[in-house]
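Opening the notebook on this one.

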Amino acid sequence: RYCAPCHGREGRGDGFNAARLSKPPTNHADSAYMSTRPDDTLFDGIYAGGYILGRSNRMPPWGFTLEREEIRRLVRYLRQLCRCEPPAWSRKPR
């Protein structure tokens, strides 16, 4: 509901609003790119908005709309979309 207008239904950055943005939305299905992004960075971008990551300031901060646990679930969902893991250096030891 919040993300698909820009990021698309499958997270590919091809939502109906994407063409109207000065910076293209992130393609969350791009495993090569997404595997370079730590989960904390994804959380921060969702929580504080796109500008904090040097992306579009048109992506609003969702931290006042979504609970922290909802954002954590979104980050896990982004990992499903890209079928990738965060960089090894950013992962907690198992």
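Is Phe 43 buried or exposed? I'm working from a predicted model here. Phe 43 comes out at 13% relative accessibility, so I log it as buried, given the cut-off of under 20%.

Next, helix 3. It runs over residues 39–48, and its buried residues are Leu 42, Phe 43, Gly 45, Ile 46 and Ala 48. I checked what covers them: helix 2 (31–34) and helix 4 (68–82) are included in the cover. Just past the end of helix 3, I noted Gly 49 with a positive phi of about 105°.

Then the rings. I found two aromatic pairs in the structure. For Tyr 2 and Trp 62, I get ring centres 4.6 Å apart and planes at 40°, so I file this pair as tilted. On burial, Trp 62 has a relative accessible area of 14% and is buried, while Tyr 2, at 32% relative accessibility, is partly exposed.

Back to Phe 43, now with Tyr 47. Their ring centres are 6.0 Å apart and the planes make 10°, which is under 30 degrees, so this pair is stacked. Both residues belong to helix 3, four residues apart, or about one turn of the helix. Tyr 47 has 28% relative accessibility and goes down as partly exposed.

Note on methods. Residues numbered from 1 in each chain as written. Predicted model: local features only at pLDDT ≥ 70, side-chain atom pairs only at ≥ 80, totals over all residues. Heavy atoms only, no water. Buried < 20%, exposed > 50% of the residue type's maximum accessible area, 1.4 Å probe, protein only. Helix = DSSP H or I, 4+ residues; strand = E, 2+ residues; numbered from the N terminus. Contact = heavy atoms within 4.5 Å. Phe/Tyr/Trp six-rings, centres within 6.5 Å; stacked < 30°, edge-to-face > 60°.
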